Amino acid sequence: MYSATCEAPVNMALVKYWGKRNEELILPINDSISMTLDANEMSAKTTVAASESFKQNRMWLNGEVVPFEDNARLMRCLEGVQRLALANGGLKFPLSWKLHIASYNNFPTAAGLASSAAGYACLVYTLARLYEIPMNEQLTTIARQGSGSACRSLHGGFVQWHRGIEDDGSDSIAEQLVTAEHWPNMHMLILVVNDARKKTGSTKGMQSAVETSALIQHRATTIVPQRIKELRTAIQARDFKTFAELTMRDSNQLHAIALDTYPPCIYMNDVSHAIVNFVHDYNESVGEVKAAYTFDAGPNGCLYVLAENVAPLLAAIQVAFPNDAQQSVEYLKGIPVPPIELKKVATNGIAEHVNPKNLLKYIIHTKIGDGPRQLSDEKSLLIDGLPLPK
Ligand code: DP6
């Protein structure tokens with residue numbers, strides 16, 4: 001039996017991918033840029049084992065059996081990596097050997113945090129390790145066919161996914177713009193919002209946007225190309241103010257298009273809008289742009305903030321969004337924030353807008369991170385080809 005175990009990060013888009021020009025190959029109508037998040041706080045972990053004795057391909061996700069052969073996206077990723085392996089030659093075992101795959105997310109899938117991006121990136125990266133294919137840009141074109149945003153999770157730091165112009169998608173790749181070391185103090189607070197409503201998933205939401213929104217074409221052809229240029233320059237220059245404004249405007253535009261879709265898709269809720277207001281009030285009260293929000297296809301607010309500004313921002317969040325569990329480790333997850341700093345509250349302009357209690361479920365403090373990596377065999381999620389007991 002041969003096996004490999006790897007870990008891959010989540011990424012959060014600054015200029016959003018929304019809309020496909022080819023549903024099957026997952027080719028987008030516009031470029032996007034994201035930041036990869038540190039795998040310590042949020043990541044997918046996957047083991048793939050190949051053995052002569054396995055009767056069929058099998059997969060377990062968070063300990064539960066999931067369909068394999070009739071999952072078109074999964075099969076496309078597997079076949080893509082196997083094609084590369086064949087082209088590379090020198091295989092240690094025949095490609096006909098069946099696979100057992102176990103995958104876990106170390107964060108709640110139900111929280112609506114980009115789990116498919118980390119999951120497919122991890123699957124493709126782990127298959128590549130198993131078949132001994134070195135990291136290369138073709139792997140990003142394969143991960144893209146699992147879930148579009150997954151291609152960006154194959155790199156660390158800031159990453160641009162190029163829409164490409166070829167019909168076969170060969171130039172729709174993810175490229176690393178800068179490593180995490182370029183802007184190491186870029187942190188993020190994820191405000192996980194209580195929400196019970198059923199959402200239209202990203203895949204369906206962006207499909208109906210392309211079919212029915214008049215605004216989306218203008219975004220893709222005119223707004224995004226310019227925004228991508230400006231954001232690349234802001235990232236290179238570590239210009240937080242410009243970075244923040246572009247990010248917030250792009251998030252707002254994604255949700256404007258969601259609303260322009262017919263029937264409309266509504267992802268943000270009242271708490272999300274309270275977070276938007278809070279960030280603008282906060283930046284005004286401190287007289288400088290120190291935080292930027294972005295929202296994906298869900299109500300959770302992701303706030304970009306530099307390391308040195310995390311503690312005062314968090315203190316202001318605690319004032320504006322009071323919570324009974326505020327001081328507990330279950331409420332404040334991820335990188336610890338020194339408690340002493342929490343007392344330095346910048347509340348001017350914030351204290352007047354205190355929201356009702358317990359609107360947030362919890363907060364995750366994380367930061368910019370590196371791309372996927374292989375783990376040692378002791379970290380395997382399979383024992384004798386079967387998943388570890390839960
Ligand atoms: C709002 O990558 O989940 O997070 O390609 O259909 O699997 P599929 O969609 P997915 O969409 C992500 C949309 C987004 C924006 C982004 O990550 O760029």
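What follows is a short chat about helices, strands and charged pairs in a predicted model.

Q: Let's start with α7. How many residues does it have, and how far does it reach?
A: In this predicted model, helix α7 covers residues 270–286, has 17 residues and reaches 24 Å from its first C-alpha to its last, which is close to the 24 Å expected at 1.5 Å a residue.

Q: What caps its N-terminal end?
A: Asn 269 caps the N-terminal end of α7, with a side-chain oxygen lying 3.0 Å from the backbone nitrogen of Val 271.

Q: And which residue follows the helix?
A: Gly 287 follows α7, and the phi of Gly 287 is positive, near 70 degrees.

Q: Which α7 residues are buried?
A: The buried residues in α7 are Val 271, Ser 272, Ala 274, Ile 275, Val 276, Phe 278, Val 279, Tyr 282 and Asn 283, so Val 271, whose backbone nitrogen lies 3.0 Å from the capping side-chain oxygen of Asn 269, is one of the buried residues under the 20% cut-off for relative accessible area.

Q: What do they pack against?
A: The buried residues of α7 pack against two helices, α6 (240–260) and α8 (307–320), and against the strands β12 (186–193), β13 (292–294), β14 (301–306) and β16 (360–367).

Q: β14 is in that list. How many of its residues are buried?
A: In β14, 6 of the 6 residues are buried, so the strand is largely enclosed by the rest of the structure. Both faces are covered, with Gly 301, Leu 303 and Val 305 buried on one side and Cys 302, Tyr 304 and Leu 306 buried on the other.

Q: Which strands is it joined to, and how do they run?
A: β12 is joined to β14 by 6 bridges, and the two run antiparallel; β13 is joined to β14 by 3 bridges, and that pair also runs antiparallel. Between β13 and β14 there are 6 residues, and the two strands form a hairpin.

Q: Switching to Ile 33, where is it, and is it buried or exposed?
A: Ile 33 is found in strand β5, residues 32–36, and it counts as buried because its relative accessibility is 0%.

Q: What does it touch?
A: Setting aside residues up to four places away in sequence, Ile 33 touches Ala 13, Leu 14, Val 15, Val 159, Gln 160, Leu 177, Ile 228, Leu 231, Arg 232 and Ile 235. Ile 33 and Phe 158 are 125 residues apart in sequence but 7.0 Å apart in space, C-alpha to C-alpha.

Q: Arg 232 is in that list; which residue does it form a salt bridge with?
A: Arg 232 forms a salt bridge with Glu 175, and the closest N and O atoms are 3.9 Å apart. The pair links distant parts of the chain, with Glu 175 in strand β11 (residues 174–178) and Arg 232 in helix α5 (residues 215–236), 57 residues apart. Glu 175 is partly exposed because its relative accessible area is 30%, and Arg 232 is partly exposed at 34%.

Q: Why can side chains like that pair at all?
A: Side chains of opposite charge can pair when their charged atoms come close.

Q: How many salt bridges are there?
A: The count comes to 10 salt bridges, among them one between Lys 92 and Glu 132, where the closest N and O atoms are 3.5 Å apart. That pair also links distant parts of the chain, since Lys 92 is in the loop between α1 (72–88) and β9 (98–105) and Glu 132 is in the loop between α2 (115–130) and α3 (137–143), 40 residues apart. Lys 92 is partly exposed, with a relative accessible area of 41%, and Glu 132 counts as partly exposed at 45%.

Q: What about Glu 245 and Arg 249, how do they meet?
A: The side chains of Glu 245 and Arg 249 meet in a salt bridge of 3.0 Å, N to O. Being 4 residues apart in helix α6, Glu 245 and Arg 249 are separated by about one helical turn.

Q: Which residues are linked in a network?
A: Arg 219, Arg 227 and Asp 250 are linked in a network of salt bridges.

Notes:
Residues are numbered from 1 along each chain as its sequence is written. This is a predicted model: local features need pLDDT of at least 70, side-chain atom pairs count only at pLDDT 80 or more; totals for chains, interfaces and linings use all residues. Side-chain values use heavy atoms; hydrogens and water are left out. The expected span of a helix is 1.5 Å times one less than its number of residues. Buried means under 20% relative accessible area, exposed over 50%, partly exposed in between (1.4 Å probe, protein chains only). Contact means heavy atoms within 4.5 Å. A polar contact is a pair of N or O atoms within 3.5 Å; within protein, one must be able to donate a hydrogen and the other to accept it, and residues adjacent in sequence count only if both atoms are side-chain atoms. Two strands pair if DSSP finds at least two bridges between them. A salt bridge is a side-chain nitrogen of Lys or Arg within 4 Å of a carboxyl oxygen of Asp or Glu.
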